Each structure stands twice: as C-alpha cells, then as structure tokens.
Amino acid sequence: SIYAGTSITPGRGVTVATLPTPTTGMIARVTDATAPTIGATVAGGGAAYALVNYNGANWTVIGV
C-alpha cells in the first residue's frame, strides 16, 4: 500500500533505448514515445511522454 498526502511526482524519465533491464511489473516513464497507445508495445524516436510497464515480454504503454 502507498499513501500520498497530496501528489506523486515522477522522475524526469528515460528514452525507450535506455529503459533499464526489466523485471516483470516494473514501471517507467519514457520521454520519446512514438504515437503511444495504451496496451501497445512502446516505440522510441518520437516526442511524446508515456508511462510504461514491463509485462514479462515487452514494455507496454499504460498511460499517456
């Protein structure tokens, strides 16, 4: 459980190419997503921010 009194501020984020070596369930913020769509595998090279989750096989978009 997590309690946040007012808000949570995510870090600056990383590029898709520099996402860390993942473990299933890991969440990260990317800064260069190309046309991010929730549920899709994230692709780099764009200018969009996206919240991504590692599902055990791919980094997928969970928020835009």
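1. A word on terms before we start: helices (H or I, at least four residues) and strands (E, at least two) are DSSP runs, numbered from the N terminus. Please keep in mind that this is a predicted model, in which local features need pLDDT of at least 70, side-chain atom pairs count only at pLDDT 80 or more, and totals for chains, interfaces and linings use all residues. Residues are numbered from 1 along each chain as its sequence is written, and side-chain values use heavy atoms, with hydrogens and water left out.

2. The overall picture is quickly told. The protein has three strands and zero helices, giving the pattern β-β-β along the sequence. Of its 64 residues, 23% are buried (buried means under 20% relative accessible area, exposed over 50%, partly exposed in between, with a 1.4 Å probe and protein chains only).

3. How are the strands arranged? They form an open sheet in the order β1-β2-β3, with antiparallel pairing (two strands pair if DSSP finds at least two bridges between them). β1 and β3 are at the edges with a single partner strand each, so one side of each has no neighbour in the sheet. From one strand to the next, the twist averages 50° (axes are lines fitted to C-alpha atoms, for helices over the stretch in contact, and angles run from 0 to 180 degrees between N-to-C directions).

4. β3 itself is mostly covered, with four of its five residues buried.

5. The largest nonpolar core has 11 residues: Val16, Leu19, Ala28, Val30, Ala33, Val42, Ala50, Val52, Tyr54, Trp59 and Val61. Two or more residues come from each of β1 (27–33), β2 (48–54) and β3 (59–63). By nonpolar core I mean a set of buried Ala, Val, Leu, Ile, Met, Phe, Trp, Tyr and Cys residues joined through side-chain atoms within 4.5 Å. Ala50 shows some of this packing: beyond four places in sequence, Ala50 touches Ala28, Arg29, Val30, Ala33, Pro36, Val61 and Gly63 (contact means heavy atoms within 4.5 Å).

6. Asp32 lies in strand β1, and its contacts more than four places away in sequence include Val14, Thr15, Val16 and Ala43.

7. Pro22 sits in the segment before β1 and counts as partly exposed because its relative accessibility is 25%. Beyond its neighbours within four places in sequence, Pro22 is in contact with Tyr54 and Trp59. The C-alpha atoms of Pro22 and Asn58 are 9.2 Å from each other, although 36 residues separate the two along the chain.

8. Finally, please check Ala35, in the loop between β1 and β2. Most residues other than glycine have a negative phi, whereas the phi of Ala35 is positive, near 45°. Ala35 counts as exposed because its relative accessibility is 64%.
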